[in-house]
Amino acid sequence: MNDYLVQLGRIAPEAVLTVLALVILTWDLVTKGRDCRRLAYGTLAGLGLVVWLLCGQWASLGETGAVSAFGMVTVDRFGTFFKLFTALALMVVVLLVLFDRRERKHGIGEYYFLLIGAAIGIFFMVSTNNLLLLMLGLELLSLASYSLAGFHKGSQRSAEASLKYIVFGGLSAGIMLYGISLLYGLTGTIDLSVMGRGGEGGYPVGLVAQFAVSPIPVAVAVVLVLAGFAYKASIVPFHFWTPDVYEGAPTPVTTFLAVASKAAGFAALLRFVGALFLVDGVQEAVHAYGARIGLLLAILSAVTMTLGNLSAMRQRSLKRLLAYSSIAHAGYVLMGLAVMTEAGFSASVFYLAAYYFMNLGAFAFLLYFEGETNSDEIDSLKGMGWRHPVVAWAMVAFLVSLAGLPPTVGFYGKLLLFYEGVDAGLGWLVFIAALNSVISLFYYFRVAKALFLTEPVERVPNRQPALTGLIVGLSVLTVVTGIFNSALQRWSGEAPRALGISDQLEEPH
Amino acid sequence: MGLGAYIAVSAALFAIGIVTIITRRNVLYILMGIEMILNAANINFVAFNRFGDNGLDGRMFAIFTIILAAAEAAVALAVVLNVFYLFNSVKPGEADLLRE
Amino acid sequence: MLTSYGPILVLIAVVLAFAVGNIIISELFGKKTISIAKGDPYECGSRPVGGARLRLSIHFYLVAVLFILFDVESLLLIPWAVAARGFAGAGVGGVVFAEVLGFVAVLGVGLAYVWRKGGLRWDR
């Protein structure tokens with residue numbers, strides 16, 4: 001009984017979120033949706049509690065410590081890191097919903113309920129070694145996202161976005177599930193911590209032993225599972241939904257999808273790849289195979305960033321531009337994975353953290369801009385810099401960070417990734433990434449140009465002070481974490497250590 | 001009957017599902033294709049569990065997959081309904097507002 | 001060995017008694033009206049004659065989807081029921097029962113939501 005409570009305490013953040021979701025939904029039902037402001041405050045308070053619990057969890061866990069809850073949830077710093085960022089990002093998204101001038105007041109309770117539901121999915125997805133729980137978390141996130149994407153019920157664009165999302169999402173979830181079923185058949189387990197090495201006495205068989213007998217089915221299964229992660233993280237060739245869904249969905253939802261959902265996909269992918277190929281006792285045995293997976297990831301990374309950046313150049317809508325830019329950033333993050341070392345993983349984690357700040361900010365600016373002009377075309381940005389100088393300068397900070405220029409956090413993240421890439425002998429990939437950064441400069445500059453390089457016009461009074469405060473805060477965070485990056489670097493360095501990645505072999509691929 | 005027979009059936013179902021999704025223009029058929037893929041995975045889980053004698057993991061996975069499929073179908077039908085109201089069509093090709 | 005099928009026999013008996021009993025009770029106490037519609041074979045509310053490709057009210061689909069959802073969720077109770085006895089034997093039956101109550105409570109909130117939003121109303 002006592003032990004039960006201890007284990008329950010380990011999933012306290014998830015439990016609090018679940019109760020919060022139910023309370024919000026019931027509250028909305030009882031008050032018939034008239035109480036929308038207080039609902040938002042309630043959600044924020046609940047999320048604050050979750051953040052506090054997570055901070056306590058981070059402190060109580062050692063660097064490599066991992067404890068299990070009911071044999072299903074693995075609580076370690078890696079998961080807690082992403083949970084913390086998810087909860088914080090969700091708070092920002094809730095604020096965005098609150099500030100959204102075009103948002104309907106009707107059905108706001110469901111809005112928060114679905115957002116929290118998606119967060120619960122992320123929480124379980126990033127902190128489990130069990131493929132069943134991982135799949136359930138991923139699907140919970142997906143189902144909530146489908147509904148959120150179509151949340152503007154009268155809007156054709158919103159409906160189309162959710163339709164495209166669910167068709168692609170269902171397909172890739174099905175492919176991933178089929179891959180998992182094959183992996184289960186081949187290795188005899190659905191637990192990632194056992195799947196690589198195999199169990200004591202040869203059962204479950206494990207990937208290493210099975211790989212020696214039948215390498216091709218194992219490769220097929222792994223690639224099928226990767227498809228599911230690739231969809232969540234919008235990696236080529238599973239990126240087709242991204243621009244359409246991002247454009248059609250309500251802007252706060254787009255923010256959530258672009259930031260929290262994508263990072264969660266990467267977190268689960270890091271854990272999966274780490275557990276299957278890089279832990280002690282596996283890395284040596286399947287080194288050649290792991291290197292091939294690394295090469296596959298490197299190629300995907302190069303294609304993803306190139307395609308994202310080249311497509312972003314042609315966009316006229318700022319929302320769509322940010323969608324393609326998020327595809328390109330998925331490519332950069334994938335670089336750290338392709339390195340297939342712990343250092344590479346922590347570079348990826350750092351970049352994802354940086355990505356949280358700058359993309360939250362960029363989308364918050366998009367929301368501000370939509371609230372002012374009712375449009376997301378880059379052309380209607382013209383003169384924004386003169387009319388709304390404060391937010392416009394904040395946006396410049398985000399753009400600089402997205403492009404990867406100093407002194408912002410995006411620059412430092414890219415530096416880490418490039419360094420690890422060169423260190424692992426992936427010079428060609430780093431070269432492509434550098435070229436891509438130059439391409440991306442072009443279109444980010446185009447946005448900045450639209451903001452400022454026009455005839456000066458009258459400054460107009462700021463009608464969205466709260467949103468302005470949020471944007472400025474995020475921009476300060478983007479710059480400050482870029483200059484004083486040691487803390488974030490330490491945390492992101494510690495996070496992947498819990499995955500137990502072997503550091504013996506560091507041969508070039 | 002050996003394990004091979006089950007895998008053959010599930011692989012065939014998987015292939016049929018993929019082909020359905022690729023070739024059909026009607027979103028309801030696409031959803032059926034997705035269900036077929038999920039069921040193909042289910043056959044695998046149950047068959048591997050039966051022939052591998054490894055606890056209940058596979059069977060539990062199959063039960064949860066059934067629930068996932070139902071939940072996904074419910075959300076998908078709601079989405080399709082919404083699209084049908086607004087576009088008067090259930091073909092993704094005719095909902096084409098979002099493009100470059 | 002055959003005694004293990006005893007519960008099934010009891011189930012069959014109960015089901016039969018319930019069905020036949022209901023017919024007898026309604027025959028004895030029910031108000032009787034005779035109309036043409038009563039003579040129709042039962043077809044879930046739609047007209048039994050004519051083309052099959054008719055459009056039904058959207059409510060049929062809504063209720064069907066809701067039914068499937070709750071029906072399938074209750075599937076999760078089966079593995080719980082199988083495992084619960086073992087847990088009760090180990091002395092943690094209360095906790096395990098509380099867990100399933102939590103699960104049912106979540107479903108209950110879902111049902112309350114559907115009800116409140118008018119998903120179960122026919123007279124709109």
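In chain A, the buried residues of helix α9 are covered by elements including α7, α8 (192-195), α10 (215-232), α12 (251-278) and α13 (287-313). This is a predicted model, in which local features need pLDDT of at least 70, side-chain atom pairs count only at pLDDT 80 or more, and totals for chains, interfaces and linings use all residues. Residues are numbered from 1 along each chain as its sequence is written, while chains are lettered from A and ligands numbered from 1 in the order in which they are written.

**Helix α9 of chain A**

- Helix α9(A) spans residues 206-213, and its buried residues are A:Gly206, A:Leu207, A:Val208, A:Gln210 and A:Phe211.
- Buried means that 20 or more other C-beta atoms lie within 10 Å of the residue's own; exposed means 12 or fewer, partly exposed is in between, and C-beta atoms are placed from the backbone.
- Helices (H or I, at least four residues) and strands (E, at least two) are DSSP runs, numbered from the N terminus.

**Helices α6 and α7 of chain A**

- The axes of α6(A) and α7(A) come within 8 Å and cross at roughly 170°, which makes α6(A) roughly antiparallel to α7(A).
- Axes are lines fitted to C-alpha atoms, for helices over the stretch in contact, with angles from 0 to 180 degrees between N-to-C directions.
- Angles under 35 degrees count as roughly parallel, over 145 as roughly antiparallel, 65 to 115 as roughly perpendicular and the rest as oblique.
- Residues of α6(A) that meet α7(A) include A:Leu131, A:Met135 and A:Tyr146, and those on the α7(A) side include A:Tyr165, A:Ile166 and A:Leu177.
- The residues of this contact between α6(A) and α7(A) comprise 10 nonpolar, 5 polar and 1 charged.
- Ala, Val, Leu, Ile, Met, Phe, Trp, Tyr, Cys and Pro count as nonpolar, Asp, Glu, Lys and Arg as charged, and the others, Gly among them, as polar.

**The β1-β2 hairpin of chain A**

- Strands β1(A) and β2(A) form a hairpin with 3 residues between them, and A:Phe70 in the turn has a positive phi of about 60°.
- The antiparallel strands β1 (residues 66-69) and β2 of chain A are joined by 4 bridges; two strands pair if DSSP finds at least two bridges between them.
- A:Ala66 has A:Asp76 of β2(A) as its bridge partner.
- Strand β2(A), residues 73-76, is covered on both faces, with A:Val73 and A:Val75 buried on one side and A:Thr74 and A:Asp76 buried on the other.

**Chain B**

- Chain B has 3 helices and 0 strands, in the order α-α-α along the sequence.
- The radius of gyration of chain B is 17 Å, well over the 13 Å that the globule rule gives for 100 residues, so chain B is more spread out than a compact globule.
- That radius is taken over C-alpha atoms, and the globule rule is 2.2 Å times the number of residues to the power 0.38.
- Along the principal axes, the C-alpha atoms of chain B fill a box of roughly 50 × 25 × 25 Å.
- Of the 100 residues in chain B, 42% are buried.

Definitions and conventions. Contact = placed C-beta atoms within 7 Å.
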